[in-house]
Amino acid sequence: QKKITGKVTEDGTSQPVFGASIQVKGTTRGAITDEKGQFSLSVNPGDKLLVSSMEFESQEVTVGAENTIHIVLKKSTAGLNEVVIIGYGTVKKKDLTGSIATLKGGDIKTEGASNVSRALQGKLAGVTVEAAGGDPGAGMRILVRGVGTFNNANPLYLVDGVQVNNINNIAPGDIESMDVLKDASAAAIYGSRAANGVVLVTTKSGKNGPPVIQFNANFGSQKLIKKYDVLNAQEWATVSNMAHDNAGLARLDIAANPNQLGAGTDWQDAIYRTAMMQQYNLSVSGGTEHTRYSFSGQYNDQDGIVDVTGYKRYGIREKTETTKGRLKVGQSLILTRENWTKMPGGWGGQGGNPVGSAVKMIPVFNIYDENAIGGYSGASGPVVNVANPVAQLHLEDITTNVTSIIANAFAELTILPELKYKFNLGYTDAFISHKDYTRRYEVGGLFANPTNNLAQASNRYNLVMAENTLNYAKDFGKHSFQALAGYAYQKYVRDSSASAKNDLADGISELDNGAIISAVSGNKLVSTLVSLLGRVIYSYDNRYLLTASFRRDGSSRFAPAYRYGNFPSIAAGWNISNEKFWSLSPASVSMLKLRGSYGILGNQEFDDYGYAAVINSNINYVNGNQSKWFGAIQTTYASPYLKWENTETVDVGIDAAFLHDKLTLTADYFRKNTTDLLLKVPIPGSAGSAADPFVNGGNILNKGVEMGIGYNDKVGAVSYSVRGTFSSIKNKVLALGTGTQQIAGGQPTHHGADATLTQAGGEIAAFYLIKSLGIFQSQEEIDAYKGKDGQLIQPSAKPGDIKFFDANGDGTISNADRLDMGSSFPSFEYGLGINLNAYNFDLNLFLQGTQGNKIYNGLRQDLEGMNLEYNYARTTLNAWTPTNTNTDMPRAVIDDPNFNARTSSRFLENGSYFRFKTLQLGYTVPTRLLERAKISSLRAYLSADNLFTITKYKGFNPDIGRSGSILDRGVDFGHVSYPLARTLSVGIQLSL
Amino acid sequence: CSRDTLDLTNPNQITTETFWKTESDVKSALAGTYGLFKNVNGGLWGVRGVELSNGRGDDFFIRNDVAALYQLSTFTNTPDNGVSEGVYNVCYRAIFRANQILENVSKVGLEADKEKAYIAEAKFLRGLNYFILVTNFGDVAIRTKVPVVTDDYFVAKSPEKDVWAQVIKDFTEAAADLPVTNYGRATKGAALGMLGKAYVYTKDYVNAATILQSLTMAPFNYSLTANYEDNFKEDTENNSESLFEIQLSDVGGTNPWAGENANETLGVTTAQEFAPGEVAGWFEVSPTDKLFNEFQKEKTTTNELDPRMYATLIWDYPGATFYNKPFTAFKLQFGFKSMFKKYQNYTQNNELKGSKGGDYTSSINERVLRYADIELLLAEALTMQGRTGDAYSYLQDVRSRAKLGLLANGLGQDAMMAEIRHQRMIEFAREGQRFYDLKRWGLLQQEITNSDKVGKQYFVNGKHDYFPIPQSEITTNAKMEQNERWK
């Protein structure tokens, strides 16, 4: 043996390559280059050195007689040598057979986005990211390749290998990469939990070298983009009087003299504000030959555009990895604290939350009344009970605090150079405490709360996972072989309790002070999962690629006989461009790979303990002496025969690069067939169950194509890149329950009939609506609209009322006349990102949108109803009258005998949109100006988020993304909305 | 990890395996069955149920705030009406629970008499739910067993007469073993009263008279309260006139819409829904002027308006106050002359809160069966047999409490029935009887047509006598067929 020294440099630039790994092939001996690209190592002549580094192509060098050695590495082409994180390991992108979408940390620019998922919108093909509203700190709904289940359709999230419920508390600046596993081959190793896709988040690791300190700061301001156009006091009174006159009812006293009312209160102005936000992130990272580390801290403070609301997040994160001899140990820890101040969900009236109430509140009423208990005025008299939104915001304090721990530790032992054993331990804990304090009040005549009340709830989500894996990797000549076997266990516990008391002294908001207990509850849910997993990846001569994996899961949620599910997958790839017959020059087609995969994934997202019939307690009654009589009985049926929901996925894909890798393309076609759908299929009401039992009752097919295209080039001093994504997914319900069963959803208004229906042969949550045919202009038209037996189809109609289509021809208008009117899922969605760099300036644009989806505008249904006493949309000024007949707005009439305001196609709108989502202009200060200040880099930027949206949708924003039931998706419901804001921000990114 | 890793026991709730061990389990199961009568969405004496049972009468108006209510009250309802579906489903929930008690009570090992009494109580509850189903829906499925396998979910309907037979069987068997007193719960008197009512509804007047007559003598000592209004107030609940009532009190949670859990109020929000907007009510309903006028047809012996009119309605009369406000503080919204006062908490300042803070909670028990009903049903059963003379005393008892004079002697069957019909209309206004009375008298068409009821022109005789089988039942139950008139 002798000691050699060496240097690794980059081809072309001769820059030293720092952090490259030099390994003596077939041994565990190795070294890593320092900042100057240098290393030293003990070798025997004839040893082969394997030199590798991220972003470079690997090289093999044979040691000769020399004592110094110079190795030149070539930059790898177009990221195809990038390493992609797959389950329980990594694979080079060129060897990949599955469909995985990857986003690097650098692509997640701050953008003023406060959470990671928001930054993902439109950037990954096949991954739909929908806003759950503009509520600061609100999560997003992420759907990977459509909706294949009626239950929890969220993907499986793993942060540094640990399963978490969501990733909203991860600072965007802490992310190294995000990989979304989309097809069965990629996700199958996660078996039972992977049917909705898998999102792998890898946080930043340190790199070998001196410490790097980075500091990012962002300050922004947010504003409401669009108000609902509703009437002022005088206009409202005019429409209200018209509606009462048409109904033959006395006018309201408060509307008696429209001309004296003026504008009245603008309730929307009263609740919206320009809201500030700030974010900071400080990180330190670095490493030596043996240990790498990364620490960071984050702080995020965002006010909501609705007064009072806000979100704060604090977090620290650390990650280290140490190698000594055969042993590698590592750990990561993320601690976060999130504090929300939320707006009330509503006070039981028909206005809903403050956003809904602000549009429905009659402008005649006042905001304040200093003589009232609580200090607020509000609706009174014979009007609909819509609560003063300002009073709601200020009289009820709702806070939610979440403390989260995500911890991960692993030890990896290299048994043989090819064989590694890894033990991985993951732990997450989320402590959620919720406090809701309502002051005593009398708000107008319709809302009163005689005592100060407090409700508190706490939830804890705890997950422990342990994984043992053996990994074997060896190359034999042209054969490359990698195998994985493992055993995994996880236990998930959810504990919750809630208590509420009434009659607290003024100014005190702790439970001890309450006089009356109004509610106490608590429960615990536990589930366990044990799994065996295995995978083989084989490639021959970089031409033929094969991946096969298998996972067997056992879940406590199923009855003993149905506990285990088997989830196999197989995938193959062919690098055509590596074939000898390939004659196209890299100048035209530089790479071409075909991929195909097939596999089965599972889903067990339904209630714990569902297989045993339970006795429900606390279904109480009153006994003869008027005290509480505790009740308990079985109220629902159990589901003892449930088995796993299975999703069979076929994927065909192509990866290609053209023009010396300037242009890259990835495209996939997939088919996801979900069978034995875990579903609450309605059973007959006469069976007497209080809720429908889960059954394996359906079959959904999702088909789609998705595409990602990138182009990079340089023209003079300007370098630019363009990146586009496109996906089109269609779902179809092939079977549901016993065949004729339907699942209704999407209630659009407080009392309105459901807008969506899911049934065999249709789409999930398709809009089924009675069709509006316009306005009856005359009594003759009404009299001429007859059923087959000569009866009037709409006998209660008067001129100016809506004509509805009697689709089933039974001579009457009912829900049996509903027709399939469209889908809440877009025909396609797209994203387009453009980055330009010139001199020291950089410009980033991001555009995204959807096409072909419909939205049911529930709030408009209320506001254009003119049948009840709350405020109306401005469009109602154009209501039909005998002298104003050229209009599509029916006549105003209280009590609405013709049901003009019923759930119908009148309120279904085109939901397509195109959004200029992000515009960012940055300037990087030239290094020479920074040297004296010992600053490595400094960038400052201006950013605008949600700059403008082109859409025909009349509501607040077209990406309504209701986060509840998937069956409500696409229905804009005023009770729960929170409009999106436009954000302008400035920021700096500093590196020492 | 061993195999046991996946064997977890539900830590929150006991299962059917561990229940049915003690008498208190049986009692809890009964509470869970009784409680459905006040269910907000479908209990016949919960909010929607009261609106449903009254809404179709010629004495009742419901506005178009909740479309499903307006539709049923104006005879424009369709099989997907959520309110009639709610009542249908809740009855079957109660039947499912009553059947569980009947099948499991023997597992507890109670003394024979106790066990029989619990079985009788469960049969009363089941019978009352079938009574609600048959009077509202006609032909319905009869279920007397708890489903075991999935196929058991699907049951075809039985003819109306078979459902009545089930009702009569349940009430007969219940009456045999129920105790005479069982404060706030089902009693022998309640079962006999409902049995008698079922016989009147099925026009078996001989049996009806026998059964109803038995309630006028020992061991029973029912009597009319001196003050009519005591039947609609909270502090005079479970009084001498009461055979069965739904127990309501603000002793539960605070939320009427919480569902069946600890947060659910144990009162109802009906009073709040019926109250005028001026006192935080939602003014959903109004009496018609036909009812207003019917009360004024006969004055008392001192030439005053019937005291039942003052207890039932509020209108613009000298000194009229409502919720501690003069009547002038209110505005009649719908062009009718009066509002409902019966069952309203009008001695409070408004209907916002219950005594324990429950939202809009009213604690006034809903009376299901009063002795006045027994007397008038008995008078009817006798009259219909031609025994008009025997009917007098029962009818006069009801009249006398209302301070009406002695009824002329020697009235024929028609005149006697006319008086009974008049008395029933005003005695039981807002108590969910009118529509069903008219139906069994065959007078729906006539009385709806001659009223000022909104939507009367859409009433189709025969069809609107019943609600359609809910569309959801038709869609989910392949064995179920729609009511002929609703096809």
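Analyst: A term before we start: two strands pair if DSSP finds at least two bridges between them. The model is a predicted one.

User: How many bridges join strand β50 of chain A to β54(A)?

Analyst: Pairing takes at least two bridges. Strand β50 (residues 854–857) of chain A and β54(A) run parallel, and the bridges joining them number 2.

User: Which residue in β54(A) is the bridge partner of Tyr856(A)?

Analyst: Tyr856(A) has its bridge partner in β54(A). That partner is Val971(A).

User: Which strands stand at the edges of that sheet, and why is one side of each left without a neighbour?

Analyst: The sheet is open, with mixed pairing and the order β51-β50-β54 in chain A. Each edge strand has a single partner strand, so one side lacks a neighbour in the sheet. The edge strands are β51 (908–910) and β54 (971–972) of chain A.

User: How many residues does the largest nonpolar core have?

Analyst: In soluble globular proteins, nonpolar side chains tend to be buried together. Here, the residues with the most contacts inside the largest core are Tyr34(B), Phe37(B), Phe124(B), Leu133(B) and Phe244(B). The core has 138 residues.

User: Which helix gives the largest share of this core?

Analyst: The largest share is 12 residues. They come from chain B, residues 112–137, which is helix α5.

User: Which residues does Phe124(B) touch, not counting those up to four places away in sequence?

Analyst: Contact here means heavy atoms within 4.5 Å. Phe124(B) is among the residues with the most contacts inside the largest core. Leaving out residues up to four places away in sequence, Phe124(B) touches Phe171(B), Ala174(B), Leu178(B), Ala186(B), Ala190(B), Ala191(B), Met194(B) and Phe244(B).

User: How many residues are in the other core that lies apart from it?

Analyst: Among its members are Leu224(A), Val239(A), Tyr441(A) and Met866(A). This core has 59 residues.

User: Is Phe219(A) buried, partly exposed or exposed?

Analyst: Phe219(A) is found in strand β17 (residues 209–224) of chain A. With Tyr839(A), Phe841(A), Leu921(A), Tyr923(A), Leu942(A) and Val986(A), Phe219(A) makes a nonpolar surface patch of about 730 Å². Its relative accessible area is 40%, so Phe219(A) is partly exposed.

User: How many residues apart in sequence are the parts that Asp229(A) and Arg874(A) tie together?

Analyst: The two side chains meet in a salt bridge, 3.0 Å from N to O. Asp229(A) lies in the loop between β17 and α3 (233–247) of chain A, and Arg874(A) in the loop between α8 (858–863) and β51 of chain A, so the tied parts are 645 residues apart.

User: Why are Arg440(B) and Asp437(B) separated by about one helical turn?

Analyst: Their side chains meet in a salt bridge (2.7 Å, N to O). Both residues are buried. The separation is about one turn because in helix α15 (residues 434–441) of chain B they are 3 residues apart.

Technical notes. Residues numbered from 1 in each chain as written. Chains lettered and ligands numbered in written order. Predicted model: local features only at pLDDT ≥ 70, side-chain atom pairs only at ≥ 80, totals over all residues. Heavy atoms only, no water. Core = buried A, V, L, I, M, F, W, Y, C linked by side-chain atoms within 4.5 Å. Buried < 20%, exposed > 50% of the residue type's maximum accessible area, 1.4 Å probe, protein only. Helix = DSSP H or I, 4+ residues; strand = E, 2+ residues; numbered from the N terminus. Patch = residues over 30% accessible without salt bridge, like charges linked within 9 Å, V, L, I, M, F, W, Y side chains within 5 Å. Areas by Shrake-Rupley, 256 points an atom, 1.4 Å probe, with all protein chains shown as cover. Salt bridge = Lys/Arg side-chain N within 4 Å of Asp/Glu carboxyl O.
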